[in-house]
Amino acid sequence: MLFSELPLANPLQRAIRAVGYETPTPIQEQSIPSLLEGKDLLGIAQTGTGKTAAFALPILQLLLVSGKFRAPKTCRALILLPTRELAIQVEECFKQYAQFTAISSTCIFGGVGDASQKNCLVRGVDVLVATPGRLLDLIGQKAVSLKALEFFVLDEADRMLDMGFIHDIRKVVALLPQKRQNLFFSATMPDDITKLAATILRPNPVRVEVAPQSTPIERIRQELYRIDKRRKGALLKELLQEHPEMKKVLVFSRTKHGADKIVRVLEKAGVKCAAIHGNKSQTRRQEALKNFKDEKIRVLVATDIAARGIDVDDVSHVFNYDLPDVPETFVHRIGRTARAGKDGIAISFCAPDEEQDLRAIEKLTRIRIPEGDKAIFEKLPPPQKETPESEMRNARGRRFPRREKQAQNSKPAQTPPKAPKQQPQKPAQSVQQARPEHNSEQPQKADFHKHRRNRPGSKARRRMRELSNSNG
Ligand code: AMP
């Protein structure tokens, strides 16, 4: 099937051609005709399957032909999403698909001032893309009402629940008019999601389930560099200098501080780059992301949490500057390259104390990562001898070599409390199958360790004191 065969109005067909789509993806092929008939839809699909166009195009078509107009402080279609990054992306898609129509759209999310968002709503908007908290806030302020709503889309429902939005969703649903068309998307359908869907959708919705369009991990060319932590920056700089074909490079750092440090090293070397992580303001993050998408900067350095949910096409290279301690995260990271049938390259740096993480990654992916060209090491400064201090601050930012830490942990009387378990993750046979990670607002394992290390009476600190005393 071709897009041109779908009963979509000319301005939409033109936009589809402008964005370069020819054939609908499976979810688009299965959803668009039923949605155009006004049916409710339950879609089990992840980001990357083309689900945004699957709901955006039929909604735009129906808005176009309905003959109705938006009223002040109302919206005709509401798309509810869990994060601002996703909300911005989805609204960008609506803008692209509606570029040859008079249909308006806007995006509202928390973490920024609400004045300009309220302004956009004064005259009413056709498509409102929102995160739940800010939507309820603006409804409370009477900046927008849902009374004229015709289409309701709940996207990423499972992540919404993971992030604790269930009460907000219930509040929003209670404000919706009875007569409306509903679309409900979730990557997984556990019981609580099925129950939630039943409270939103009309009986017997069309059910569409698509396998994620996975990036076969085999299609990603991988390289491994075994390198001490101190020379990782120099290696990254050298590789970028040697390979001008590395045009759109995503670098993953375990920590926010580490991400900033990488940016400083690269900027000094004249590489255009920026970092996105939790300490950056929303405006700075959006700016960095936009510059990266528009190829105004060559390198985007991100923490796993900040990179979650961002969809950047055509990433040519992914660098694992630090290896993640959750192997599924590695699969998720490298899946940022080799998208949409393109080839991609993932380069991983492994410091001596990351060997254990490397083994876990290789075991999960069942791939032995080949080592990169060792000639590059000749261009790097020689490795520096480890001092007791540098040993304490080893490659993972841990102040202990792993062996000492394990030995300590094995003393039963002093065993510290266990770190909270990560969300269970599905075994990742394909990149997209790795579950999206948890809410950025929630503490992560690394943060837990950091917190534990920094407690005044922690063993790490005591050990630090002992070591520094013994070194005079
Ligand atoms: P989504 O799952 O909606 O986030 O889409 C993932 C990516 O696929 C986005 O970059 C879309 O622009 C792209 N895309 C969506 N539909 C198509 C299509 N029919 N042909 C080619 N690319 C598409």
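Tutor: Helices here are DSSP runs of H or I with at least four residues, strands are DSSP runs of E with at least two, and both are numbered from the N terminus. This is a predicted model, in which local features need pLDDT of at least 70 and side-chain atom pairs count only at pLDDT 80 or more, while totals for chains, interfaces and linings use all residues. Residues are numbered from 1 along each chain as its sequence is written, and side-chain values use heavy atoms, with hydrogens and water left out.

Student: In what order do the strands of the 7-strand sheet run?

Tutor: Strands of a sheet pair through backbone hydrogen bonds, either parallel or antiparallel. Two strands count as paired if DSSP finds at least two bridges between them. This sheet is open and its pairing is parallel, with the order β3-β4-β2-β5-β6-β1-β7.

Student: Which residue of β4 is the bridge partner of C75?

Tutor: β2 (residues 75-80) and β4 (residues 125-130) run parallel, joined by 5 bridges. In β4, C75 is partnered by V125.

Student: At about what angle does helix α4 run to β3?

Tutor: Helix α4 covers residues 84-97 and lies across β2, β3 and β4. Its angle to β3 is about 175°.

Student: Which strands does helix α9 lie across?

Tutor: Helix α9 spans residues 191-200 and runs at about 170° to β6. The strands are β1 (41-44), β5 (151-154) and β6 (181-186).

Student: Which side chain makes a polar contact with the side chain of D114?

Tutor: D114 sits in the loop between β3 (105-108) and α5 (115-122). Beyond four places in sequence, D114 is in contact (heavy atoms within 4.5 Å) with R134, L138 and Q141. A polar contact is a pair of N or O atoms within 3.5 Å; within protein, one must be able to donate a hydrogen and the other to accept it, and residues adjacent in sequence count only if both atoms are side-chain atoms. At 3.1 Å, the partner is Q141.

Student: Which are the edge strands of the 6-strand sheet?

Tutor: This open sheet has parallel pairing and the order β8-β13-β12-β9-β11-β10. Each edge strand pairs on one side only: β8 (220-226) and β10 (273-276).

Student: At about what angle does helix α11 run to β10?

Tutor: Helix α11 (residues 256-268) lies across β9, β10 and β11. Its angle to β10 is about 175°.

Student: What share of the ligand's exposed area does the protein bury?

Tutor: An oxygen atom of the ligand is 2.5 Å from an N or O atom in the side chain of Y21. In the side chain of T52, an N or O atom lies 2.6 Å from a ligand oxygen. Accessible areas come from the Shrake-Rupley method with a 1.4 Å probe; for residues, only the protein chains shown count as cover. Alone, the ligand exposes 490 Å², and the buried share is 76%.

Methods
Axes are lines fitted to C-alpha atoms, for helices over the stretch in contact, and angles run from 0 to 180 degrees between N-to-C directions.
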